[in-house]
Amino acid sequence: MNNNLNILFIDTHDNTPSASRIRLLDYAKLAANYYLIERRIGKTESKEEELSPNLFIIPVKSWNRLFFIYRGYKTASRLLHRKNINCIVTKDPFTLGLVGYLLKRKIKINLNVNILADLIDNESFIKERFS
């Protein structure tokens with residue numbers, strides 16, 4: 001565990017909690033504190049959770065993806081000012097990445113934007129190859 005690393009991860013709500021929760025617990029072992037801002041669209045339960053002494057889930061309820069940009073930014077900004085966050089990680093380069101980018105510009109903090117894509121075995125991608 002790195003005692004100086006405090007990570008803010010901006011993600012979407014996952015309806016399969018077992019695998020993702022185990023993965024989060026493993027990630028949290030690598031940092032002093034791991035804060036997950038989780039985008040939840042619609043009428044889902046929205047209460048903060050503490051999965052371990054250093055893993056905190058902060059849900060952000062939003063009407064849609066665009067409204068999340070505002071709500072997610074506000075929530076993350078408050079968290080960044082209260083905690084000593086060293087790095088922001090986002091799950092995608094779209095709305096979540098935009099929130100991370102805006103925070104990076106405002107606070108001058110490291111940003112890691114993940115791009116998750118399945119291109120190797122994707123039939124649509126294989127048909128688009130140049131031959």
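L102 counts as partly exposed because its relative accessibility is 33%, where buried means under 20% relative accessible area, exposed over 50% and partly exposed in between (1.4 Å probe, protein chains only). The model is predicted, so that local features need pLDDT of at least 70 and side-chain atom pairs count only at pLDDT 80 or more, while totals for chains, interfaces and linings use all residues. Residues are numbered from 1 along each chain as its sequence is written, and side-chain values use heavy atoms, with hydrogens and water left out.

L102 lies in helix 3, residues 95-107, helices being DSSP runs of H or I with at least four residues and strands runs of E with at least two, numbered from the N terminus. The 13 residues of this helix should span 18 Å at 1.5 Å a residue, which agrees with end C-alpha atoms 18 Å apart; the expected span is 1.5 Å times one less than the number of residues. Its buried residues are T95, L96, G97, V99, G100 and L103.

L103 is, with L8, I10 and I37, among the residues that touch the most other members of the largest nonpolar core, which has 18 residues; such a core is a set of buried Ala, Val, Leu, Ile, Met, Phe, Trp, Tyr and Cys residues joined through side-chain atoms within 4.5 Å. Strand 1, strand 2 (31-41), strand 4 (55-62), helix 2 (65-82) and helix 3 each give two or more residues to this core, and helix 2 supplies the largest share, 6 residues. A second, separate core of 11 residues includes I7, A31, L36 and V89.
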